[in-house]
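Open your viewer and get your selection tool ready. We will take a short tour, one stop at a time.

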Amino acid sequence: METFGERLARLVDDRGPLCVGIDPHPGLLAAWGLPPTAEGLARFCEITVDAIGEFIAVIKPQSAFFERFGSAGIGVLESTIRHCRERGALALLDVKRGDIGSTATAYAQAYLDPTGPLFCDAITVSPYPGFGSLTPFLDAVADHGGGVFVLAATSTVDGRALQLARTAGGTTVAQDVVDQVAAHNAGVEPLGSVGVVVGVTAGQVGVDLSNLNGPVLAPGLGAQGGRPDDLAVVFAGVRGIVLPSSSREILGHGPDASALRAAARRTADACRLALRR
């Protein structure tokens, strides 16, 4: 069984270090001339994945923008995940799930078990019920070859009060999350399958990622103010793969497929240059 870390390392070497988010905001649907319906959502996703899926390493649907259409939206999400895979891209579902006991287990089964209709390559998770609450997700990663990205230092200003708080051991909460992920990935080759989320604009949080041995999902590129040049500064010394994520900056060029493709290629090339990959 090929692990998520192995698949990600191979695709980033081949396609470059970029994750493109699919965030179908109502304003974007309107700008594309699409109705605010599940049908409009489906067309949005189809155009996007067809345009970029064959050369972008990771595509990240944001679950909330599908859930708002109820069961029809979830159906579109299922087909979008399959579509990403058909184009050779990894599907990273941004759901930020986190809970305890049987609930966490059910979430892990929903997204990381290959028998489920929402099975994807990786998901985002929250450690704030306690890092131990992630055990069902970590077990599913080991059993089925998927991946998880654990929130550590996000790109949101309001999150810093929590993320910079000190634990009983004296480290920041963000650093404690990173350290526990690093311990889980220790000794794994070529790359662990458990990553962290550290925003491109969160450089001042100052987490040490040198021992992570796993991927870093770096949101905030583009519309949130992060630039490709910031990557080399914020993520200097990282042992692992930095995966910058851009959504609106690229999606704003739709619905023209050629313009979408060109915007994604420009961003991917800029990230590759900044990260020397």
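On this tour, contact means that heavy atoms lie within 4.5 Å of each other. Keep in mind that this is a predicted model.

**Stop 1: Arg15**

Select Arg15, which lies in helix H1 (residues 4-15). Now show its contacts: leaving out residues up to four places away in sequence, Arg15 touches Gly53, Glu54, Phe55, Ile56, Ala57, Arg87, Gly88, Ala89 and Arg272.

Which side chain of opposite charge is nearest to Arg15? Select Asp14, and you will find that side chain 4.2 Å away. Next, look toward Gly53: the side chain of Arg15 reaches the backbone oxygen of Gly53 at 2.8 Å.

**Stop 2: helix H5**

Select residues 70-86 to see helix H5, with 17 residues. From its first C-alpha to its last, H5 reaches 25 Å, close to the 24 Å expected at 1.5 Å a residue. Color Gly73, Val76, Leu77, Thr80, Ile81, His83 and Cys84, the buried residues of H5. Look down the axis of H5: these buried residues fall within an arc of 160°, so they line one face of the helix.

What do the buried residues of H5 pack against? Show strand E1 (19-22), helix H3 (38-52), strand E2 (58-61), helix H4 (64-67) and strand E3 (90-97) to see these partners. Then turn to the face of H5 that points away from its buried side, where Ser71 and Glu86 are exposed. Just after H5, click on Gly88, one of the residues that Arg15 touches; Gly88 takes a positive phi of about 90°.

**Stop 3: helix H12**

Move on to residues 257-275, helix H12. Its 19 residues should span 27 Å at 1.5 Å a residue, and its end C-alpha atoms are 27 Å apart, which agrees. At the start of H12, find Asp256: one of its side-chain oxygens reaches to within 3.2 Å of the backbone nitrogen of Ser258.

Now color the buried residues of H12, among them Leu260, Ala264, Thr267 and Cys271. Seen down the axis of H12, its buried residues fall within an arc of 130°, so they line one face of the helix. They pack against H3, strand E7 (216-221), helix H10 (228-234), strand E8 (242-246) and helix H11 (248-251). On the other side of H12, select Arg266 and Leu273, which are exposed. End the tour just after H12 at Arg276, which takes a positive phi of about 55°.

Terms used
Residues are numbered from 1 along each chain as its sequence is written. This is a predicted model: local features need pLDDT of at least 70, side-chain atom pairs count only at pLDDT 80 or more; totals for chains, interfaces and linings use all residues. Side-chain values use heavy atoms; hydrogens and water are left out. Helices (H or I, at least four residues) and strands (E, at least two) are DSSP runs, numbered from the N terminus. Buried means under 20% relative accessible area, exposed over 50%, partly exposed in between (1.4 Å probe, protein chains only). Lys and Arg count as positive and Asp and Glu as negative; His and the chain ends are not counted. A salt bridge is a side-chain nitrogen of Lys or Arg within 4 Å of a carboxyl oxygen of Asp or Glu. A polar contact is a pair of N or O atoms within 3.5 Å; within protein, one must be able to donate a hydrogen and the other to accept it, and residues adjacent in sequence count only if both atoms are side-chain atoms. The expected span of a helix is 1.5 Å times one less than its number of residues. The arc is that of the directions from the helix axis to the C-beta atoms.
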